[in-house]
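Here are my notes on the model, as numbered points. Please read them with the structure open.

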Amino acid sequence: MRAMVLNANIRGHEEKNNKKGEPYILVRYEEDGTGKPCDLVDKDMNRAKYYLRDKIMNLTLDIDAGKQFTTIRIIDAKEV
């Protein structure tokens, strides 16, 4: 399934590696009602430079609902 997050206020990012050693970006955006930021994963390391604090972006997400867990990944990001 595909979804869009429009006008997401980016709060920053962190570059990480999974258990296999593959790199990914953990993107933080808009705090929820409790003040905690929401996190999304982006596997395109070239977009890391765009995920800066207080940048407004439209995010296209791929949502894969499996039996045990749901995976949500950023597949496209455009600055507004």
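How many bridges join β4 to strand β5, and in which direction do the two run?

1. Nine bridges join β4 to strand β5 (residues 70-79), and the two run antiparallel. Keep in mind that this is a predicted model. Four residues lie between β4 and β5, and the two strands form a hairpin. For a landmark in this pairing, look at L61, which stands opposite I74 in β5.

2. Next, the other partner of β4. Strand β1 (residues 2-17) is joined to strand β4 (residues 55-65) by seven bridges. These two strands run antiparallel. V5 stands opposite L59 in β4.

3. Then strand β2 (residues 23-31). Six bridges join β2 to β3, again with the strands antiparallel. Here L26 has V41 in β3 as its bridge partner.

4. Now the overall fold. Five strands close into a barrel, and their order is β1-β2-β3-β5-β4. The pairing in the barrel is mixed. On average, neighbouring strands of this sheet are turned by 55 degrees against each other, direction ignored.

5. On to charged pairs. The structure holds nine salt bridges. One of them is between D54 and R11, where the closest N and O atoms are 2.6 Å apart. The limit for exposed is over 50%. R11 is buried, with a relative accessible area of 18%.

6. A second pair is E79 with K55. Their closest N and O atoms are 3.7 Å apart, and they form a salt bridge. This pair links distant parts of the chain: E79 sits in strand β5 and K55 in strand β4, 24 residues apart. K55 is buried, at 17%. The cut-off for buried is under 20%, so K55 falls within that class.

7. K78 and D76 also meet through their side chains in a salt bridge, at 3.2 Å from N to O. D76 counts as partly exposed, with 27% relative accessibility. There is a network too: salt bridges that share partners join E14, K16, R28 and D39.

8. Last, the pocket. The largest pocket has a volume of about 180 Å³. Which residues line this pocket? The lining is made up of N18, Y24, V41, K43, F69, T71, I72 and R73. β5 gives the most to the lining, with three residues. By class, the lining has four nonpolar, two polar and two charged residues.

Key: Residues numbered from 1 in each chain as written. Predicted model: local features only at pLDDT ≥ 70, side-chain atom pairs only at ≥ 80, totals over all residues. Heavy atoms only, no water. Pairing = 2+ DSSP bridges. Salt bridge = Lys/Arg side-chain N within 4 Å of Asp/Glu carboxyl O. Buried < 20%, exposed > 50% of the residue type's maximum accessible area, 1.4 Å probe, protein only. Axes fitted to C-alpha atoms, helices over the stretch in contact; angles between N-to-C directions. 1 Å grid on protein atoms, 1.4 Å probe; cavity = no way out; pocket = protein on both sides within 12 Å on 5 of 7 lines; lining within 4 Å. Points joined across faces, edges and corners; volume = space filled by probe spheres on them. Nonpolar A, V, L, I, M, F, W, Y, C, P; charged D, E, K, R; others polar.
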